[in-house]
Amino acid sequence: MSAQDAKTKQLNERLQFVDLDTRQRDALKRALPTISASLDGALDTFYRKARATPETARFFSNEAHIQSAKGRQVKHWELIGSASFDTQ
């Protein structure tokens, strides 16, 4: 078995473990526009709270660090909503 085949097999096993079959993946794809439209506001709310809470504020060195984290979260949620796990 090639390394790529092994990765594909492992991914499929993980998706099966969390019951993320074709039907659920199609539902995620249909939800992507809603997910994408909600991300900016939802993450702004989250990071506003993170900035105001000392226990979480300490994880960020400055505003640029927060914006970088927010950008990575946007990409993360858009990947989930795309249900294209096998392309990553």
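A search of the whole structure finds two aromatic pairs. Rings of Phe, Tyr and Trp (its six-membered ring) pair if their centres lie within 6.5 Å; planes under 30 degrees apart count as stacked, over 60 as edge-to-face and the rest as tilted.

| Pair | Centre to centre | Angle between planes | Class |
|---|---|---|---|
| F46 and Y47 | 4.8 Å | 80° | edge-to-face |
| Y47 and F60 | 5.7 Å | 80° | edge-to-face |

The Y47 and F60 pair links distant parts of the chain, 13 residues apart. Y47 sits in helix α2. F46, Y47 and F60 form one aromatic cluster. Y47 is buried at 4% relative accessible area, whereas F46 is partly exposed at 44%. Buried means under 20% relative accessible area, exposed over 50%, partly exposed in between (1.4 Å probe, protein chains only).

The model is predicted: local features need pLDDT of at least 70, side-chain atom pairs count only at pLDDT 80 or more, and totals for chains, interfaces and linings use all residues. Residues are numbered from 1 along each chain as its sequence is written, and side-chain values use heavy atoms, without hydrogens and water.

The chain averages a pLDDT (the predictor's confidence in each residue, from 0 to 100) of 92. At least 70 is reached by 98% of the residues.

R25 lies in helix α2 (residues 22-52). Helices are DSSP runs (H or I, at least four residues), numbered from the N terminus. R25 is buried, at 17% relative accessible area. Leaving aside neighbours within four places in sequence, R25 is in contact (heavy atoms within 4.5 Å) with L15, L20, A83, S84, F85 and D86.

Note on methods. Helix = DSSP H or I, 4+ residues; strand = E, 2+ residues; numbered from the N terminus.
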